[in-house]
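My notes follow the structure.

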Protein chains: 6
Amino acid sequence: MMRLATPGFLRFAQAPVLEKTFGGGEANVAVSLVNYGLSADFVTRLPKNDMGQAAINELRGLGVGTGHIVRAGDRIGIYFLETGASQRASKVTYDRAHSAISEIQPGEVDWAAAFKGARWFHWTGITPALSDNAAAVVEEACKAAKAQGLTVSTDLNFRKKLWSKEKAGKVMGNLMQYVDVCIANEEDAESVFGIHGAEVTSGKIEHAQYESVARQLTERFGFKQVAITLRESYSASHNGWSAMLWTDGKAYFSRKYDLNVIDRVGGGDSFGGGLIYASLRGDEPQKAINFAVAASALKHTICGDYNRVTLEEVEALAKGDGSGRVQR
Amino acid sequence: MMRLATPGFLRFAQAPVLEKTFGGGEANVAVSLVNYGLSADFVTRLPKNDMGQAAINELRGLGVGTGHIVRAGDRIGIYFLETGASQRASKVTYDRAHSAISEIQPGEVDWAAAFKGARWFHWTGITPALSDNAAAVVEEACKAAKAQGLTVSTDLNFRKKLWSKEKAGKVMGNLMQYVDVCIANEEDAESVFGIHGAEVTSGKIEHAQYESVARQLTERFGFKQVAITLRESYSASHNGWSAMLWTDGKAYFSRKYDLNVIDRVGGGDSFGGGLIYASLRGDEPQKAINFAVAASALKHTICGDYNRVTLEEVEALAKGDGSGRVQR
Amino acid sequence: MMRLATPGFLRFAQAPVLEKTFGGGEANVAVSLVNYGLSADFVTRLPKNDMGQAAINELRGLGVGTGHIVRAGDRIGIYFLETGASQRASKVTYDRAHSAISEIQPGEVDWAAAFKGARWFHWTGITPALSDNAAAVVEEACKAAKAQGLTVSTDLNFRKKLWSKEKAGKVMGNLMQYVDVCIANEEDAESVFGIHGAEVTSGKIEHAQYESVARQLTERFGFKQVAITLRESYSASHNGWSAMLWTDGKAYFSRKYDLNVIDRVGGGDSFGGGLIYASLRGDEPQKAINFAVAASALKHTICGDYNRVTLEEVEALAKGDGSGRVQR
Amino acid sequence: MMRLATPGFLRFAQAPVLEKTFGGGEANVAVSLVNYGLSADFVTRLPKNDMGQAAINELRGLGVGTGHIVRAGDRIGIYFLETGASQRASKVTYDRAHSAISEIQPGEVDWAAAFKGARWFHWTGITPALSDNAAAVVEEACKAAKAQGLTVSTDLNFRKKLWSKEKAGKVMGNLMQYVDVCIANEEDAESVFGIHGAEVTSGKIEHAQYESVARQLTERFGFKQVAITLRESYSASHNGWSAMLWTDGKAYFSRKYDLNVIDRVGGGDSFGGGLIYASLRGDEPQKAINFAVAASALKHTICGDYNRVTLEEVEALAKGDGSGRVQR
Amino acid sequence: MMRLATPGFLRFAQAPVLEKTFGGGEANVAVSLVNYGLSADFVTRLPKNDMGQAAINELRGLGVGTGHIVRAGDRIGIYFLETGASQRASKVTYDRAHSAISEIQPGEVDWAAAFKGARWFHWTGITPALSDNAAAVVEEACKAAKAQGLTVSTDLNFRKKLWSKEKAGKVMGNLMQYVDVCIANEEDAESVFGIHGAEVTSGKIEHAQYESVARQLTERFGFKQVAITLRESYSASHNGWSAMLWTDGKAYFSRKYDLNVIDRVGGGDSFGGGLIYASLRGDEPQKAINFAVAASALKHTICGDYNRVTLEEVEALAKGDGSGRVQR
Amino acid sequence: MMRLATPGFLRFAQAPVLEKTFGGGEANVAVSLVNYGLSADFVTRLPKNDMGQAAINELRGLGVGTGHIVRAGDRIGIYFLETGASQRASKVTYDRAHSAISEIQPGEVDWAAAFKGARWFHWTGITPALSDNAAAVVEEACKAAKAQGLTVSTDLNFRKKLWSKEKAGKVMGNLMQYVDVCIANEEDAESVFGIHGAEVTSGKIEHAQYESVARQLTERFGFKQVAITLRESYSASHNGWSAMLWTDGKAYFSRKYDLNVIDRVGGGDSFGGGLIYASLRGDEPQKAINFAVAASALKHTICGDYNRVTLEEVEALAKGDGSGRVQR
């Protein structure tokens, strides 16, 4: 997806230029994994025009594999972003109807080839929300992934502008049968599956409530792990950020970071990327959730969707140095 | 007035470019009203050159009526702005001597025509400070407004670089006879009328002190309403922001917002715009002051003088959602 | 040194442009002194190319004397800067091996001429760290300064990428014999001289610990004054900032400022500049340390290495107005 | 239509930002007319989102009436532009499938109201190319215009990416019955109507060929006037530019300008705007074509789609001062 | 004077930022002289504010002496610049009424001190045009210069927006008694003194005509030298550029350069700077005029008022290498 | 190599930012080949820091293989670029002493692995000029290439700031034994081998002279092909551009393009890339030289070192469409 953001804190109508980058849930996760030293492919469908090519160039430059991207369709999805501050929230306007990925057809991707040698398949709830076709392709991919023995993870990522809660519940409910690791940000479990979680607008977060959500999700869908990010939005500029990992009937809570937010878009994806990385290298649950939260805390300081940080930077923060002293 | 601001936090001498926009007290209020769905005209005097035309284009683009602007004079007033941060205050350098508006003559504006169909006339204390002529034109306008039954509001807006307290007190004291609604920021009542208010540099705000100021103003000038904005300046980056509306002998205090300040120039004007809008649609005093403060809290996140927010955005904040969660 | 910084909070790889300015410890101090009304020369060695000339132009424009700069050598030292935020620290990458100054030879500067009419000579621990030659030139300069009766100050400024603690301890230990006023930031005393100071990563600062460091330094090297800056790094965006001046066996602690950090590079140098200025005009210790800390608090709001503030601005803050109210 | 252009001569993939403006055939003509002092409305269909609003703000700011724009639909059409130079042509990539205007329905615009008080209706061949609905709406508008006695003009503006020559010929052939003044750029007459014109890639232009095209068009469709722009593209940076007006069986050729091209997008529209203006004020044919060509020569020096020049500037060039001497 | 220019070829109303630099006839000449290795002071009057200081910083950075600048007055003069292209001329809008220099009083500058050690005094016709006071100060300076034995040069630089031909003729006519070297661009001799010169709008330049102008000027005012720049403006992007030096009753014509114009503001001043430099080092007339024209040819490729080129660069061009091959 | 260019036509000292990209002879050729659909690796040595990584990211993003790049050394080479115009040449200042590639050691690159599956090895005369080590590595690579049956090409690319003509002649003379295809720009043959060629500063190009150079080169070194680019530098903005291919004792001259130069750095490399591509696909000599010249003509319109054009764009120009008409 092409991201066209106003510079600084400008509103759309007053911006003479738009900052052009690319991003999107699954791509963001792939970039994180590559940054930590793994290899990862991003599989999607992009048009054969300059916009599709530029998206590929950016990912390829970051080291993400792009060899299984289908080049077809009319247009790349776009989202316009205004970065908020203080009491004014960031604003996303989607222009992705009729995007190449939304018109993907089952059979277009050779999933067996794409998954060859892979250990993990990650997708987010945004893709099946795009169209029935896209949902069918996600299921096709999930089946292929399971057939090849990959771990499958998802981020629920409910987007109310893309589909209704009812539709989401139905489609996602079906897809959960393939999922081993389920990531949810604060309101997703309730929006998609009607599972009541924490009261997020109050800013107060109760651990017990989050454990309850994870337990319910696990019971209903048989996940191996559930990870829930806990964002306390004091304002668009200032957030509390932590997470919980639920595994084997036990909850592991991370440290909570006090964030000056530079760019929170992609924050959840950077958490997913951190968690998958930690899982793949075999971290214990507490270490894994600490790594994932440190990674995503750093993301909030990075402009653009991708979490442009190194393994060493995440490790340093996870080990406790959040002082922000100049590195020189 | 043309606003030439250094980008980011640059000081004047180090800025290779200046960001060019337009603004000024009354224009800022007009933009707010139009943004909320009302129609509003900005009446002023601007030179027949590219700078005057660009000011008109910007306002016209935002929907403000510009049909009564007198095109004459030699130059547009300019102000140079450095945006401060932390312990460094924003710095405004005026270059508006001999501006077109400062050389306006009584009779140049057809106020009867300008006020046709209007319900409200708003002016600020900056205009009469520009020159004796300008003060005479303000009085001319006030008389016309009252003659046509408009509500008249003013924002005291004392600027010590434009005139002395003595001159301000005399000129403004006379003009207050036409005023129904008086808006004052923290130090204005004392500077212009010698009415002692809150101790603003301490950061502590005592409600009783503000009520006392409003009562004194009302008693002296017979205002229907007095609105006082209460800014607690912890630093250039961090303010507390609230306000009081005094009407019918009673004080209504708004919620207080904790602001990360992006651009506070125009903050008071956005309050005025919010208050006038709320009054015109008939809000109860508590609702009106809440709306005005929410509107102006948002202004502090908007670059430029104008409060580029929608009615929906102000309403959402006034109703309590200041969490800054991404809107998508 | 040429400073090439990414704009905003961009990481190096994603920045299409680099902001080009100049800076460096001693130059930064010189700019501060000139800004407060003194005359000051910056003495260094710069190549005869556009980069060396641009460095001179920038300093000359700010009023710093550049007449004793040696024009020779192959290249100007460069440092690349990424400005951090929140939990992500700013990152400096040096590219100054083989810089003109690092290849300076004793005898190239006519120190007697450079010091003619001067009262003070300031150098930092970065210069002797560049090369043995550079260290020899610093000693040469110190001797000349003492011979001409100048007060000599240093800022320890340990840079672990330039030399080891052992080498630093040896070279700096020798140079301390010429020093009257020693400035150290938090970890320098320990890194260079093994003198144990405050535990800085905890964020807690104990006055007694700092006094102990100053006493030990004074006892070992016979300094007239020791100044220690006390930075509490809550994050890259938020610091506490204060300092202690130790003189005549007594410690003077400044007020502590709560900083929203815009650019902290050069923060220590701006403290040094403030302290030297206050000393030269004969401030009492408490007033001097207050001035130096106010000056350096303001630096944290200024983009670039130099502290582009006026004497009036520092005085206003030192007197207590840190409210950040718009100056107009 | 939103125009997202790379800065300078950057290719899409290398541009960190895109310059955001708005434009499009009919809008461009409207801006020209307003710039010369007439009033003009732009009638289209734009979505109720920030992008649609920003398009309106820009036009409104320039003085174009926007009161008849229908606010509906999902998205604004976008075109991406790379500005070429020398042997590299400018490149336009359209992303306007499913735009609000392409999904307009007959009956959505109240043409009688839109045309009230108007004298002229101009449309271009791009609009009916968008969709059958759009073509139907153009016919609806033409009928209303004729019913209200307006002069109707069109610019053939064939875009091969939007429809085939066959489809264009059929649809446009039908619409020509309403047209009084037909404007064609070089290849349109042949592409749309199969009427053979000048050999344009050779750079040589034969007057007789152009007269023949105009005569054929007039004979087939009964136009009152035919205007043909004659572009000699030596390169993307260097063009010859002139035009012919055919009226009453006679051809009037303009002076030819030698253009250093800054931005040629909108060049044809600026010609149309100039011609309509000249016609409305009653210029003789030779004067009219001279005005229209001078206007459009200037457009090639203006960034963006709109011809941001004044009547005085066009007149001065039409009278012969193309020396480019500084105006001061 | 502060120069606020739109970027690229933008028109004023469409520019989001203005490029801030400084310039003006005499300052431009001073920069040229310093660039060639001479020392030069710029003497003017500038306000004690950030704008005045920034002007000084820029000049000081370039090496121009600023020690005799009077710091007083209310505002710095401003000019707004749109850079033209092809048939669209660059446009200058002055905003310099009431500038500090225009309000200068005789006696404010200590000319004897300013001229100490100097060999040459240059002024332009813009300064006496600003006000009667300014004209009086120019005469005061001329008298002091002659008293101290300096060569005095002037550039007629007629600006029709500043004064009438009649006024200019009278004031300048009087000042010519002090002038040794008179520089005129194409139309000045006629505008100021009614001396008929070349027909400049035709683009054809007749040598004989220029000789006649120089002879007349010399006869009337007794100049030692007259230099006339010969600009052939084919368009705003493309000029022919040459000059003639008249001395001892003989005309020396330079080579003519074919210029792609990047920025022609300051072109005449760069010629003056080159001529003064060549004269001061004792060049023969032919060599001097060649140097001055080469210098000013290069100026047309430099952004901003100042001719930022080195002596070596001018010499190389004057010797014939105008091929523009990359220097590496 | 990192390229830090001033924006627009700014001189180094006046540029607030530098445009950061990467480039260099062999990298530029690799990018061209990949753009035309071949696979190509760039083999070099880059430091393990952000600058080295960013260089890799950029190349990788464009599709160039980076798997054989050695990550070691202290710094990346830098070149600073000022883009010239008209009579002012572009200026390159190198800062590449001690760059990672200049300190490469024989044995660091596994050439057998790097050449596996390859058909062609291209290097330029810049690399052996960097250091004796680098020259030894080039010879090492040439031997490996010949051993594996690759065609070897070189571009003489003499840089007088890197080595003397004598040293170049000796080192290059030895390396020529491995070369099949020799590319030379205008002055290289003479500078490196003392072979007299065309008089390039005159602008006149004589075919016979070029043939003579090619014949001499072939006779001395036994090349299969010699290609000579023929640049006629009328100015920095305007060049004539053509080339000759000498093969089997016969010369093939391309069409000559009249170029408006946007960025000529990398022009020769884009010619080399085009020629290698055409050779690899088996073009006849005339077609090959036409393709190479068309490719490099387009390069002069592209910002940055790399020739960011597609095969289709080059083909279109080679077939004759240089009209620069908008592609839409």
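These notes take the chain interface and then the domain interface.

**Chain A against chain C**

I am working with a predicted model. I looked up the contact and found 20 residues from chain A and 28 residues from chain C. The two chains bury about 2300 Å² between them, and carbon and sulfur atoms give 51% of that area. On the chain A side, Arg325(A), Val326(A) and Arg328(A) supply 36% of the buried area, more than any other three residues.

I then checked for charged pairs. There is one salt bridge between these chains; Arg11(C) and Glu313(A) meet in a salt bridge at 2.7 Å, N to O. I also noted seven residue pairs in polar contact. Strand 13 (257-260) and helix 11 (311-318) of chain A each supply at least two residues of the side that touches chain C. Strand 13 has the largest share, four residues. I sorted this side of chain A into nine nonpolar, six polar and five charged residues.

**Domain 1 against domain 2 in chain A**

The domain assignment gives domain 1 as 1-24 + 45-103 and domain 2 as 25-44 + 111-317. Their C-alpha centres lie 21 Å apart. The contact takes 30 residues from domain 1 and 33 residues from domain 2. I read a buried area of about 2500 Å², 56% of it on carbon and sulfur atoms. Gly24(A), Leu62(A) and His68(A) supply 25% of what domain 1 buries against domain 2, more than any other three residues.

I found two salt bridges across this domain interface. Asp305(A) and Arg3(A) meet in a salt bridge at 2.9 Å, N to O. The polar contacts here come to 15 residue pairs.

How values were computed. Residues are numbered from 1 along each chain as its sequence is written. Chains are lettered from A and ligands numbered from 1 in the order in which they are written. This is a predicted model: local features need pLDDT of at least 70, side-chain atom pairs count only at pLDDT 80 or more; totals for chains, interfaces and linings use all residues. Side-chain values use heavy atoms; hydrogens and water are left out. Contact means heavy atoms within 4.5 Å. Buried area is the accessible area (1.4 Å probe) that two parts lose on being put together, summed over both. A salt bridge is a side-chain nitrogen of Lys or Arg within 4 Å of a carboxyl oxygen of Asp or Glu. A polar contact is a pair of N or O atoms within 3.5 Å; within protein, one must be able to donate a hydrogen and the other to accept it, and residues adjacent in sequence count only if both atoms are side-chain atoms. Ala, Val, Leu, Ile, Met, Phe, Trp, Tyr, Cys and Pro count as nonpolar, Asp, Glu, Lys and Arg as charged, and the others, Gly among them, as polar. Domain bounds come from an automatic or database domain assignment.
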